[in-house]
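Subject: Handing over a structure

Dear colleague,

I am passing on to you the structure shown just below, and after it I set out what was found. Please keep it open beside you as you read.

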Amino acid sequence: MTTQQIELSFVNTQPGARAVRYERRRNRAQWWFRQMRLAVDRAMDWKPVPQARPEQIYMPLTGGQL
């Protein structure tokens with residue numbers, strides 16, 4: 001069993017690193033949404049598909065049912 005206290009150090013963290021990370025994430029999100037808007041703006045308008053012809057189906061009656 002360890003009887004020593006574990007120490008958590010913040011020596012490697014730089015002041016403002018959180019703000020830089022936030023800014024980077026925000027820039028990536030803005031880029032992504034810009035790309036999605038471009039894709040929507042460039043999308044083609046499709047003509048609606050014409051209605052299908054009526055289809056006649058033969059259903060045999062089994063077991064003497066009418």
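Of the 66 residues of the protein, 0% count as buried, where buried means under 20% relative accessible area, exposed means over 50%, and partly exposed lies in between (1.4 Å probe, protein chains only). Please bear in mind that this is a predicted model, in which local features need pLDDT of at least 70 and side-chain atom pairs count only at pLDDT 80 or more, while totals for chains, interfaces and linings use all residues. Residues are numbered from 1 along each chain as its sequence is written, and side-chain values use heavy atoms, with hydrogens and water left out.

The protein exposes about 8,100 Å², of which carbon and sulfur atoms supply 56%; accessible areas come from the Shrake-Rupley method with a 1.4 Å probe, and for residues only the protein chains shown count as cover. Its secondary structure comes to 1 helix and 0 strands, both being DSSP runs numbered from the N terminus (helices are H or I, at least four residues; strands are E, at least two).

The count of salt bridges comes to 1, a salt bridge being a side-chain nitrogen of Lys or Arg within 4 Å of a carboxyl oxygen of Asp or Glu. R26 forms this bridge with E23, and their closest N and O atoms are 3.0 Å apart. Both R26 and E23 lie in helix α1 (residues 17-41), 3 residues apart, which is about one turn of the helix. R26 counts as partly exposed because its relative accessibility is 37%, and E23 is partly exposed because its relative accessible area is 33%.

There are also surface patches, made of residues with over 30% relative accessible area and no salt bridge, where like charges are joined within 9 Å and nonpolar side chains (Val, Leu, Ile, Met, Phe, Trp, Tyr) within 5 Å. W31, W32, F33 and M36 form a nonpolar patch with about 440 Å² of accessible area together. Within this group, F33 is found in helix α1 and, at 47% relative accessibility, counts as partly exposed.

A positive surface patch is formed by R18, R21, R24, R25 and R28; Lys and Arg count as positive and Asp and Glu as negative, whereas His and the chain ends are not counted. R18 lies in helix α1 and counts as exposed, because its relative accessibility is 70%.

How values were computed: The place of a charge is taken as NZ of Lys, CZ of Arg, CG of Asp or CD of Glu.
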